[in-house]
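Student: I would like to learn how to read the features of a protein model. May we go through one together, step by step?

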Amino acid sequence: MGRDKSTGELVQGTLDMLVLKTLTRGTQHGWGIAQFIHKISDDVLRVEEGSLYPALHRMELEGLIASEWGLSENNRRAKFYKLTAAGRKRLATEAESWNRLSGAIARVMQTA
Amino acid sequence: MKWLGKTALRICGLVRRPKLDRDLDDELRFHLEMNAAHGKEQKRFGNATAIKEACRDLWTLGSLEIWWQDLRYALRVLRKNPAFTIVAVLTLALGIAANTAIFSVVNGVMLRSLPYPEADRIAMLWTSTPTHGVTERPTSIPNYEDWRTQTRSFDELAFYADFNHGVLAGADVAESEMVWYTWTSPNFFRALGVKPELGRAPTDEEFSRADRVIVLGHALWQRQFGGSPAVLGRVINLNNIDFQVIGVMPPGFHFPEERFEAWAPATASRWWSEYRMNRGRGAVSVFGRLRAGVNMQQARAEMTTLAAALEKQYPLANGMSSVNLVPLSVQILGTTVPFMLTILLGAVAFVLLIACANVANLLLARGAFREREFAMRTALGASRGRLIRQMLTESAVLALIAACVGLPLAALGVDLLVRLGPQNIPRLSTVTIDGRVLLFTIGVSVLAGLLFGLVPALRMPASAVGTTVRRSRLRGVLVVGEFALAMLLLTGAGLLIRSFIAVLAVDPGFDPKGVLTLRMSIRNPAQIREAMDRIRALPGVQAVGTINGIFFEAGPKAIGVGTFHEVEGRPMEPRDQWKPLVITPNSGEVFRALGMRLLKGRLPDDRDDERAPPVVAVNETFARRFWPGENPIGRRFKSTFLTGRMEWITVVGVVQNLRNMGLEKEPVSQMFPSDKQGKPGAHLLIRTSTDPLALIAAVRDVVRGIDPRGVVWEIGTLEQQLASQTAQRRFQAWLLGLFSAIAVVLAGVGIYGLLHYSVAQRTREIGVRIALGARRGDVVKMVLREGMLLAAVGVGVGIVAALALTRLIASLLFGVAADDALTIGLVATLLLMVACAACYIPARRATRVDPMTALRCD
């Protein structure tokens, strides 16, 4: 199981938040979501498919996101996800608690 | 609500399953194509099957579906291995059936509540004399009245007097018979909380008016009145009293014991007027229903205080008397039956454990062949947990199939237990397989399934390296365990069987062959004599006599030289040296009928009438106790036994000891007067040269010829009476013997299976050995050594356990010590011989290994 630690493994919950955040930019398919997170994080965060798809399906079941089939940029049939109202609300609360947490951690790291 | 919505979605998911599967495939394929288009390596993509499974579980009722899959898979696997399945199912079914059958008895006899509402709130209240160790004496009526009016712990305090039986006759009675009945307090039925199914119970007014009214039992009503409702208001004659029938109790109502079939107000009895004022005369058995919110402990405390006050108030009648509360269920069950049932339950649990070990062993052996299957499934994305779950499902299915096979077996067993069980197990006849038993069976099966399934499942390799060694070691441990348990069971059974044989070998002091025993309703001594003369004249009759019972189970009155006053030429004995002593009324040629030998002197006879000096014959114990090493003939002692007057009684003869306290106890001192100086015995004994039971009709005719309403009852042979003495032992010995036989067979099968497998695995090694010149004997020795080592270790462990555990059943043993070396040695030898036989078959097979084939295989 020797994975490169620096690529960063996403804690469950954090992945949900990142997916929701990504979808604020508009509908996207699974591959697109993974790519976006990967790129924006300067290749630090790598989303495993094994985590991504179960997470997408779970969030869809919970009504945080909705899906529809459409054509991708290269004209393939692909499943697109978009944010629902419930998803937006969840993102807001998670983002807030994340900010509070990461701020707190940062302060501890600076002073200690 | 959210949960409900999700479940609904999931159920939809189940229906739309094919579409969802397709969509999932499309989605993941798209992902792969995008990866490919952007030049990413494929292998970064995880296990596609695992991803799909994870997603699918979300959409569908994942666990339920997997469970269903596992179930179907398990059934398929079991069907494909019929030999394995049959052996495993039969093994388990045996264990489950034995457990179910014994539990049915435990349930019916011990767990099921008595058939009275809130039966656990009913208690018996006995008068006791703690200083003398007397715990359950009847209570006098004045004391009962004081208890009843003063207690605050009981809602109802009722009583019965259960010493009555009498001939039931009357114009409407189908055939006169002997009926046991009880005299009751007016609140008797109220306290029990049971109402008549027909008619009514006696009222308080009827009780105070001493009305002769009676309530009948259901079975009696059916037998004598054909179940006709017209029985109400009819007059019957019971024990020469005319009663009006006012009610019939529902079926299954037997109180205080099964034999009682009629209940009448005590005021109508002949003794009421005499006993109701006599505080010293224990007359009735008291029971009560606890008031709401009061527990047994509080009631006991209150009654003890109350009894102490009554003792102080009436020191003459109540001296040293206290009160003893016994919950009704405890009273009915006694102490020996729960102990016996607990031991049997333990024994069958052992049998089931051995069966489980056997099946676990089979599963482990099969696990080796299934390694490839599991490796494949792991590769295809099944997690270890998932595989364990699969294996446990298989075990559970196996166990439940075994339960289905075992249940009919158990029903058969229950039937046998009910029919063959000894009389002293209360409510045995009502034992059935009810809901609770079914639950128990299912529970035990599932538990067993988990037990034998978990061991191999947890042993399942994460990787396949080195597991074969570990597995065979585990299998060895299981076989050792089986032999240890079998050894333990067999030792227990062996000890009980030896006790049983020892009891059978006890000389009862009489010759039981060819003797009919019965009781007659005739009480008049002259009529009894006439009946005996007429029976004596019947063809085949060799001797006729009466005796007041042979075995005194209830324990005789303990009488010492105190009431006995004095033995001529001996000082008075201190009270603590007094020993029990019984006086046994008898008449006719009872000693000939019993086949008892006269050792010295003569027997009392017709010469010893009311005018002659009082004489008795005594037994050996009596003679040895008072005149050890001397001739007791002609010696005298002073007593009031015979006439109530203090007088000198002369010993004229010494007879052989009867085992008068039962076969397992030393006989107590006993003396036999003549019937003219004492009275005739209650039981008629008829020794015949033919089949004693063929004589019943003729004897009944004789009795009817003397008294047209006369009946005979408690009919049987002396052999049957003797057999009933050993019934419980026989029952115990048989059952434990049976269970340990099953255990031994299972252990044998277990070791056979292990070696069979081991030989199959070592075919190559054995081939090489044979090729290198090993002789058959060497090969046999090698295999035998492997098996016998395990068996010997198991037997050794079993002996240690037996030495520790058989002490628990020491109180059940007779004539053999709990650590009896002979029994343990015999049992160990037997077990090792079984092991040897079981090992020999695979060992022989090993010698037939053809070296060439063996070397070529692989």
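Student: Which residue of β23(B) is the bridge partner of B:L516?

Tutor: Please keep in mind that this is a predicted model. Strands of a sheet pair through backbone hydrogen bonds, either parallel or antiparallel. In this case, B:L516 has B:T717 as its bridge partner in β23(B). The two strands concerned are β12 (residues 515-520) of chain B and β23(B), which run antiparallel and are joined by four bridges.

Student: In what order do the strands of this sheet in chain B lie?

Tutor: The sheet is open and has five strands, in the order β16-β13-β22-β12-β23, with antiparallel pairing. At its edges are β16 and β23 (712-717) of chain B, each of which pairs on one side only. On average, neighbouring strands are turned by 20° against each other, with direction ignored.

Student: Which strands pair with β13(B), and over how many bridges?

Tutor: One partner is β22 (residues 683-688) of chain B, which pairs with β13(B) in the antiparallel sense over six bridges. Within that pairing, B:V544 has B:I686 of β22(B) as its bridge partner. Another partner is β16 (residues 586-588) of chain B, also antiparallel to β13(B), over three bridges. There, B:N586 in β16(B) is opposite B:I547.

Student: How many residues of β13(B) are buried?

Tutor: Burial is judged by counting neighbours: a residue counts as buried if 20 or more other C-beta atoms lie within 10 Å of its own. In strand β13 (residues 541-547) of chain B, five of the seven residues are buried, and the strand is mostly covered.

Student: Which strands does helix α18 of chain B lie across?

Tutor: Helix α18 (residues 525-536) lies across β12, β13, β16 and β22 of chain B, and runs at about 160° to β13(B). Helix α23 (residues 718-725) of chain B also packs on the sheet; this helix touches β12 and β23 of chain B, and its direction makes about 80° with that of β23(B).

Student: Let us turn to chain A. What pattern does the chain follow along its sequence?

Tutor: Chain A has four helices and three strands, and the pattern along the sequence is α-β-α-α-β-β-α. Of its 112 residues, 29% are buried. The strands form an open sheet in the order β1-β3-β2, with antiparallel pairing. Its edge strands are β1 (28-29) and β2 (65-71) of chain A. Strand β3 (residues 77-83) of chain A is joined to β2(A) by seven bridges, and A:K82 in β3(A) is opposite A:A66.

Student: Why are α2(A) and α3(A) described as oblique to each other?

Tutor: Helices α2 (residues 30-40) and α3 (residues 49-61) of chain A pack at an angle of about 120°, with axes 11 Å apart. The two helices are therefore oblique to each other. Their crossing is right-handed. In the contact, A:G30, A:I33 and A:A34 in α2(A) meet A:L52, A:Y53 and A:L56 in α3(A). By class, this contact has five nonpolar, one polar and no charged residues.

Student: How many residues does each chain give to the contact between chain A and chain B?

Tutor: Chain B gives 18 residues and chain A gives 14 residues. On the side of chain B, the largest share, eight residues, comes from α2(B). That side has 11 nonpolar, two polar and five charged residues.

Key: Residues are numbered from 1 along each chain as its sequence is written. Chains are lettered from A and ligands numbered from 1 in the order in which they are written. This is a predicted model: local features need pLDDT of at least 70, side-chain atom pairs count only at pLDDT 80 or more; totals for chains, interfaces and linings use all residues. Two residues are in contact if their C-beta atoms, placed from the backbone, lie within 7 Å. Ala, Val, Leu, Ile, Met, Phe, Trp, Tyr, Cys and Pro count as nonpolar, Asp, Glu, Lys and Arg as charged, and the others, Gly among them, as polar. A residue is buried if 20 or more other C-beta atoms lie within 10 Å of its own, exposed if 12 or fewer, and partly exposed in between; C-beta atoms are placed from the backbone. Two strands pair if DSSP finds at least two bridges between them. Axes are lines fitted to C-alpha atoms, for helices over the stretch in contact, and angles run from 0 to 180 degrees between N-to-C directions. Angles under 35 degrees count as roughly parallel, over 145 as roughly antiparallel, 65 to 115 as roughly perpendicular and the rest as oblique. A crossing is left-handed if the near helix is turned anticlockwise from the far one by less than a right angle, and right-handed if clockwise.
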